[in-house]
Each structure stands twice: as structure tokens, then as C-alpha cells.
Amino acid sequence: MASLVFQKSRSMMLPALRASLSKPLLSSLLPTFLGGSFKIPSLASLLEELFPRILLAVPKKKVSHSRKAMRAANKGLKDKHNLVHCPGCGGPKLAHHLCPTCYSFLHRLWKSGNKDNHKLL
Amino acid sequence: MKHGVAFRKFSRTTSHRMLMLRNLVTSLFEHEQIKTTLPKARDTARLAEKIITLGKKGDRSAQMRASAFLLKPEVLPKLFGTFASRYAERPGGYTRIHKFGNRPGDNAPVAILELVDNPRDLRFEITARAIGREVLQDKLRTEKPINLIKTGVHSTQNIIETEKKLELGQTGMLRPKTRWNMQKMLRFRNQDAVSQLSRNVGNYIDHLMATPIAMKNLHDRERRKTVTGEFALRAGQTAPGDTRSVLDLSQGRLG
């Protein structure tokens, strides 16, 4: 008798209550426009988020000095080939550029020319 | 690729960029030689030459436009006076850019922008040095250095006059490149430039001849300073009349 009543009461449950019980608890608290179809992430996808597969790769041994040096072989400074002789002073200079020696000489000359030459009265 | 790009923007707004260029042009007219980055120099040269064209025109509208562009009224008489007369014969190309390496702070390529034929014309000075070096080399082929120092080199004016008239294929005392540079320097200038150039060449030849002697004198003076043998003073020792402090004495040769 009691079982019959229980079964009847179960079938007679309000549809809303039934629906809310069937869905997970968290989504029932959310308003419907935010997506009532939110699913609790499974364990596998959670693991993928926290420990992506790339992070599980790790070097086995410390890279040796020799191997490290070999990898850095291409990183050296390149030689400058555009060096020529300055026709003014004969020293080395960059092609198509001013000679720094000549320019500094001239610049100092002009600077000293600008200074007040103290004349004795 | 740079297809169809009209001008550089310099990471600045239009008003900022224009003001920066106006400042650069005004500074160029004021000092006639400025050092800045290479792209800025190229854009400034372009604008400066247009303003100099206005200066050459000289009429009322040109004056109004130039005074609206330039930021210092002091350079206006220079523009309509000095530059107009200086560049009267020259058909354009009133500026020159010399590349000058890279700036240490940001490795930016730097250039010296100057007005052609200005009193401190860099090309003029360096050409004079090149001519001086080649003339001296030529003289040293026949004469001994000591004789050359005693007599000096006085024929620079004649050398320049003769080289000025030579054509492209002919051989002379100078290298073809140096001769061509010299001819370019003297093309739109008067006879004063020839005498100025010959004076600069003579000065540089004297400088070249004097440098080894000056170096030797310096070297001898330095060697004479160090006293060796029994009269050499050790650290801490004094000679009579020495008024140096104790710290100075204890430092000895380091001080």
C-alpha cells in the first residue's frame, strides 16, 4: 500500500521540480540565458587544461657544453667587409661614410676657432 | 619593397612630424651643418631645398611662405640674402648628406646634413686633405723628407689650377676620383675658393710633415721624465725641496 502511494507520488511530481532534479545542481542556480546547458567538465578534460601534453615533455639530460657550443656556432658576429682607406688620413674607414679621424680633427679645429681668443691689450 | 610610399611617418602624428621637420630645417639654416639620423636627414634635405628655392625666388609671396614655414625669424635674411646669392647659379642640390656610422644609444644610422658651399663644407675640407696627401706622396718620390721640411711645399695653387683644367681621361698628379671631387667643389665657386683650397692643402701638408717630428719630441720628453740609476727616487723617498703630500709620495709611480 505504501509502495503504491510512493510510486504514484513520484509520477505525480511537478514537471518543473522533476526537471530541476534531473539537471545538475549548479546549472539550476544560473539564469537560463547564461546557458542552462553547462556541463561539469570531465576528469580527462580537466587534466588536459591543467597539464597540457606539451608540459609533460622534459629534457632527459643537461645539454653538454659541446652541443650547446655547436648550436651557438651561427650566432657569431659577422665581419664587416666594407672597409676602405680614407684618402685624407690613410686610416681605415667604412665605405661611403665619413672618416671619423678626419671629422674629429676638423670638428676640434672649428670648436677651437669658435672660442674667444683672449687678446693681450 | 617601398612601392608607392610617398613619405616617412617617423611614428609621429602629422602636426608633430611637420613641426619636427620645420625645426630641423630651421636649425640647418641657422648652423648650416647638423647631425641627425639618416631618414630624418633625407626628409629634411628635401624640404630644405624647397625652401631655398623660395629664397631664390625672393618675391613677396615666397617671403610669406618661407616665414610661415621657418620657426626663427633670424634665418629669413640669411635665406633671402646669403643662400640666394650663394646658390644663384646652382640648379638644385643645395644640401649634402654624409653618412657617419651608428649612434651608440640605439644603433641608429646617423648622418651629417650640410648646405653645400657653406664656410665649414666637409667635402671641401676632406678633399683638401686628400689632395694634400697625394701631393706630398708625389713630392716624396723625388725628394728626401728632411729637404722637403726645410723648403716646404709652395706650389699648391699651381697644382690645383692645372688639375682643375684636366679632363676625365688625362693623367695628372692626383687620382681621378680626387680630381673629380676637386672639380665638383670648385664648379659653382669663385676664385677665392681656389686660394682657400690651396691654403688648406698647404696647411695639411705641413701638418703631415710635422706629425712624426711632434710625435718623436713627445716621446723623448716622456723618456727624459723618467730618471734611472742612482738618482732614481723610490716610493716614499723625497728630494730636497719636494713639497708633495705623503699620499703622493707613497703612491710613487702610480700617482
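**Figure 1. Aromatic pairs in a predicted model.** Over all chains, this predicted structure holds four aromatic pairs. One of them joins A:Y103 and B:F100, whose rings sit edge-to-face, 4.8 Å centre to centre with 65 degrees between the planes. This pair crosses between chains: A:Y103 belongs to helix α6 (residues 100–114) of chain A, and B:F100 to strand β2 (residues 95–102) of chain B. Here, rings of Phe, Tyr and Trp (its six-membered ring) pair if their centres lie within 6.5 Å; planes under 30 degrees apart count as stacked, over 60 as edge-to-face and the rest as tilted. Helices (H or I, at least four residues) and strands (E, at least two) are DSSP runs, numbered from the N terminus. Are A:Y103 and B:F100 buried or exposed? Both are buried, meaning under 20% relative accessible area, with exposed over 50% and partly exposed in between (1.4 Å probe, protein chains only).

**Figure 2. Ring neighbours within chain B.** Look for B:F29, B:F83, B:Y87 and B:Y94, which ring pairs link into a cluster. In another spot, B:R189 lies over the face of B:F124, at 4.4 Å from the ring centre. For such a charge over a ring, NZ of Lys or CZ of Arg must be within 6 Å of the ring centre and within 35 degrees of the ring normal.

**Figure 3. The two sides of helix α4 in chain B.** Helix α4 covers residues 75–86, and its buried residues are B:V75, B:L76, B:L79, B:F83, B:A84 and B:R86. Seen down the axis of α4(B), these fall within an arc of 150 degrees, so they line one face of the helix; the arc is that of the directions from the helix axis to the C-beta atoms. Which exposed residues does the face turned away from the buried side of α4(B) carry? They are B:P77 and B:S85. The cover over the buried residues of α4(B) includes α1 (14–31), α2 (38–57), α3 (60–69) and β3 (109–115) of chain B, where contact means heavy atoms within 4.5 Å.

**Notes for all views.** Residues are numbered from 1 along each chain as its sequence is written, while chains are lettered from A and ligands numbered from 1 in the order in which they are written. In this predicted model, local features need pLDDT of at least 70, side-chain atom pairs count only at pLDDT 80 or more, and totals for chains, interfaces and linings use all residues; side-chain values use heavy atoms, with hydrogens and water left out.
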